[in-house]
Every structure is written in C-alpha cells, then in structure tokens.
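Here is a friendly note to read beside the model. Keep the sequence and the 3D view open as you go through the points.

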Amino acid sequence: SGCVDLYSSLTEQMPTEGEIKIEAAFEKIGEFQAQIKAVQERKVGLKMGLDLFETELPEPKELAKAEKDLKLAEDMWTLRKDWTASFDSWKTGQFDKLDVEDMTNQAGQFTKKIGKLKREIARWDVWELMQKTVREFVDTMPLITDLKNPALRERHWNDLKAELHKDFDQTGVDFTLEKVFAIGLATVADFIGELSSNANKE
C-alpha cells in the first residue's frame with residue numbers, strides 16, 4: 001500500500017546522520033510531511049466514499065509510525081538548529097562579556113531536551129553528535145569561569161601564555177570563545193584552574 005511504501009521510504013531517507021546540513025534536513029522533513037498530508041487527504045476522500053457502505057477505514061499502523069518518526073526528526077533538528085544559533089552567538093561574542101551562568105543554564109535546558117528524545121532516537125547519529133557536543137560544551141564551563149576570574153592579574157596571564165607557548169591579547173575584541181578553543185586553552189584546563197585558585201588566595 002501507499003502507506004507502507006511511504007514508511008519504508010521515510011525510514012531509508014530520514015535525516016538521521018549528524019553531518020547533514022540543517023537546511024537539507026528540514027527540506028527532507030518537509031517533503032515527507034507533504035507526502036503524509038497527501039495520504040491523509042486521500043484517506044478522508046476514501047472514507048467519505050466508504051461511509052455509504054458503513055465500512056470503517058482502518059488506520060494504517062505505518063502511517064502512524066511515519067508521523068511519529070517525522071515528529072521526532074523535526075524535534076531533533078529544531079533542537080540542533082536552536083543550539084547552533086545559541087553557540088554561534090556565544091563563540092563570536094567578546095570573551096569578557098560572556099555570561100557563564102546564562103550559558104550554563106541554556107546548555108542545561110538543551111541537555112534535558114536531548115535526554116527526553118533518548119529513548120526514541122538514541123540510535124540516530126545526529127542525536128549522538130548533539131549529546132556529545134552539548135556535553136563537551138558543559139564540560140568547558142569550569143574552564144571559562146576560571147579564565148573570567150577577576151582575580152587574574154597580568155602576571156597570571158603571562159604565566160598562562162608561557163605554559164601554552166602562545167601569545168594573545170586577552171583584552172582584545174578578537175578574544176572570543178572561539179579564539180579560546182582555537183588557541184588550545186582547553187588543553188591546559190588544569191593549569192588554568194590552579195592559576196585561578198592561586199589568584200584567589202593572593
């Protein structure tokens with residue numbers, strides 16, 4: 001039947017891979033939504049004809065499954081799109097203006113939403129990638145907090161630059177979250193934690 005064909009086609013072509021572009025995923029979801037709508041409209045027309053014989057049209061399980069999977073895909077990719085928008089605004093913002101508490105709270109909300117989808121789509125590559133991305137981001141928050149410690153003085157930053165063997169201007173407008181990751185500050189997180197802790201004691 002058309003419903004069975006639609007479901008097998010949807011299962012094969014569902015945008016579940018992590019490397020798919022967000023726009024392409026929504027395009028594919030939209031195509032399937034249009035197909036499901038067409039099937040439902042045919043069902044309504046058929047049912048109106050069948051009503052003359054008082055025959056009930058069965059609800060095809062495949063159609064219900066297709067609708068459910070499509071809703072999950074839409075939820076997952078909406079989450080991915082929203083996360084990307086949030087992260088893009090954070091990574092390009094000037095480092096000293098970042099609101100770590102707000103970033104942590106928002107990341108916590110994303111973690112909850114990702115967790116809710118786990119039972120249904122943990123097998124999807126895009127879900128795994130999303131969970132890993134947000135978890136890694138949350139794991140860097142203590143590092144960001146340490147780097148934003150107002151007790152850090154010029155000499156502490158000089159010690160950090162020496163440890164990293166890199167020079168950068170932590171007060172510059174180009175010192176962004178993206179730059180923090182790009183220059184490898186996450187690789188010396190323990191050193192930064194110690195530096196921050198010592199700065200507090202001074």
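1. **What you are looking at.** This is a predicted model, in which local features need pLDDT of at least 70, side-chain atom pairs count only at pLDDT 80 or more, and totals for chains, interfaces and linings use all residues. Residues are numbered from 1 along each chain as its sequence is written, and side-chain values use heavy atoms, with hydrogens and water left out.

2. **Confidence.** The average pLDDT (the predictor's confidence in each residue, from 0 to 100) is 89, and 91% of the residues score at least 70. Be careful with residues 54-58, where pLDDT stays under 50. Where pLDDT is low, the predicted coordinates should not be read in detail.

3. Beyond four places in sequence, Leu147 is in contact (heavy atoms within 4.5 Å) with residues including Phe95, Trp157 and Ile192.

4. Is His156 buried or exposed? His156, in helix α6, is buried, because its relative accessible area is 3%; buried means under 20%, exposed over 50% and partly exposed in between, with a 1.4 Å probe and protein chains only. Leaving out residues up to four places away, His156 touches Ala151, Leu195, Ala199 and Glu202. His165 sits in the loop between α6 and α7 and is exposed, at 72%. His165 also has a positive phi of about 60°, although it is not a glycine.

5. **Charged pairs.** The whole structure has nine salt bridges, each a side-chain nitrogen of Lys or Arg within 4 Å of a carboxyl oxygen of Asp or Glu. In helix α2, Glu31 and Lys28 are three residues apart, about one turn, and their closest N and O atoms are 3.4 Å apart. Glu202 and Arg155 form another salt bridge, at 2.2 Å from N to O. This pair links distant parts of the chain, with Glu202 in the segment after α8 and Arg155 in helix α6, 47 residues apart. Lastly, find Lys68, Arg119 and Glu120, which are linked in a network of salt bridges.

Definitions and conventions
Helices (H or I, at least four residues) and strands (E, at least two) are DSSP runs, numbered from the N terminus.
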